[in-house]
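I want to see how two parts of one protein meet. These are my notes from looking it up.

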Amino acid sequence: MTLPPDSTAPAAARHERILILDFGSQVTQLIARRLRESGVYCEIWPFNAAPEARIRAFNPKGIIFSGGPASVTEGESPRAPDYAFASGLPILGICYGQQTLAHQLGGTVEGGHAREFGRAHVDVTGDCAITQGIWAKGAREQVWMSHGDRITELPPGFRVVASSEGAPFALIADDKRHYYGTMFHPEVVHTPHGAQLLKNFTHLVCGCTGDWTMGAFRAEMIEKIRAQVGSGRVVCGLSGGVDSSVAAVLIHEAIGDQLTCIYVDHGLMRAGESEQVVSTFRDRFNIKLIHRDASDLFLGQLSGVTDPEQKRKIIGRLFIEVFEEEQNKLGGADFLAQGTLYPDVIESVSATGGPSVTIKSHHNVGGLPEGMRMKLVEPLRELFKDEVRALGRELAIPEAIVGRHPFPGPGLAIRIPGEVTREKADLLRKVDSIYLEEIRTAGLYDAIWQAFAVLLPVRTVGVMGDGRTYDQACALRAVTSTDGMTADVYPFSMEFLSRVANRIVNEVRGINRVTYDITSKPPGTIEWE
């Protein structure tokens, strides 16, 4: 099994830390994000990749067991490592984590009882350290449940703090050993006080002070980059997105002109973005930047291609080829900088050691060439997306870049179902520009996770000026999300949608019909391809 990255890097080693053992929950990352938001550094490891020596080296102040899809009642189901209990550290078990905590300490877990999925209410019958100042005895509180099994007999030393109809031991505590368990999920937003409950565990029980800040991370990572790179040369593939932009500015602050950024323009960016990237990094930050306009090459090889996966592969391959051409013109480099984030690291490791289902290839173009001799510089690999944005603001990167909605590496190519042509890309750019302009004018941009237009591969009949038209249709998409793992449609007013549609059909020649995509994720994905 591939293990997570070494946790002794300076940016992490100087801070108080919590270890999260992952049992396969779809929302384990949310636990880490809630802890980071309260100023506590944490890492997620698969439950079966945490030997005693490694936990000791990480030196956590507490351990959290995540939820998971398995049943404790099954013989081969996951178990927490024995050292987690022998360490004397505080432990918080969530859902499956609570069940294996109870089972391994002598309690009883059974299936076949009432299941709970979704919003539920618990009756608070006691108090403990993690409810201090949040839940009062006698209160009824909303939580989010997702369980089929439940504890039917507590282990020695535990007592019940809160109960629900389907989970009589919804919150349990062993005050002496500082062990706690919740059948509900405090990490999701549907448990209103969940973040505070987690903060009580990390701060009141584990004794964390919240010393994880972007200011401290910036200073420590600059020191780390200088130590790693020395006098070497670094190249960075700049896309203009948040991740590569923040990585480039941080590395430049550390090593100056030892960094050269290469911006491969595939001709599939949104209106004005290529010009913005070039002016921002050359003029504002004085970073050495190579701008390669390869739009003819990309669009030429995409001609006639309709399969979305094939489009992605073509764009990824060409990106690497063009990048390497420009790098070779520089005479090579010692290091390659990437905007890898912590979710990328987590998702490369399965909690159960099994394969995960590929819905579609990752949006980021490119990849690592086989036989690459350069070493990697990945200064953001410990951060979540919201932390990267915070770091970008710390580095004074313009809000137009730091606050930008996610944009896929293949660009507009996956927002044009079917064949991609320069004419279609130009048409979509105009539609997208109007849509985003209206969103910003309405003051809605920051309330939306991602908004964009899609050029549909259909033509429809319309009427303009008493004449018949037979032009293309487009779809508008806008979603809210906290992490992109799930998403809900943004509830625009009909007045707003009508105004946008009216502008598009009147100002963009070639479009005569506008639709709004109201599909959530799941069952749909955010992007169309």
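Before anything else I wrote down what a salt bridge is: a side-chain nitrogen of Lys or Arg within 4 Å of a carboxyl oxygen of Asp or Glu. I also noted that the model I am reading is a predicted one.

**Entry 1: the one pair I checked.** I looked up E387 and R36 and found that they form a salt bridge, with the closest N and O atoms 2.6 Å apart. Between domain 1 and domain 2 I count two salt bridges. I then looked up polar contacts and found four residue pairs between domain 1 and domain 2, both residues being at pLDDT 80 or more.

**Entry 2: the side of domain 1 that touches domain 2.** Helix 2 (28–37) and strand 2 (41–46) each give at least two residues to this side of domain 1. I sorted the residues of that side into seven nonpolar, three polar and five charged.

**Entry 3: the layout.** I looked up the division of the protein and found domain 1 at 17–205, domain 2 at 214–403 and domain 3 at 422–516. The C-alpha centres of domain 1 and domain 2 are 37 Å apart.

**Entry 4: the extent of the interface.** How many residues of domain 1 are in contact with domain 2? I find 15 residues of domain 1 in contact with 12 residues of domain 2. An interface's size is often given as the accessible area lost when the parts come together. For domain 1 and domain 2, the area buried between them is about 1,100 Å², with 54% of it on carbon and sulfur atoms. Q29, R33 and R36 supply 46% of what domain 1 buries against domain 2, more than any other three residues.

Notes
Residues are numbered from 1 along each chain as its sequence is written. This is a predicted model: local features need pLDDT of at least 70, side-chain atom pairs count only at pLDDT 80 or more; totals for chains, interfaces and linings use all residues. Side-chain values use heavy atoms; hydrogens and water are left out. Domain bounds come from an automatic or database domain assignment. Contact means heavy atoms within 4.5 Å. Buried area is the accessible area (1.4 Å probe) that two parts lose on being put together, summed over both. A polar contact is a pair of N or O atoms within 3.5 Å; within protein, one must be able to donate a hydrogen and the other to accept it, and residues adjacent in sequence count only if both atoms are side-chain atoms. Helices (H or I, at least four residues) and strands (E, at least two) are DSSP runs, numbered from the N terminus. Ala, Val, Leu, Ile, Met, Phe, Trp, Tyr, Cys and Pro count as nonpolar, Asp, Glu, Lys and Arg as charged, and the others, Gly among them, as polar.
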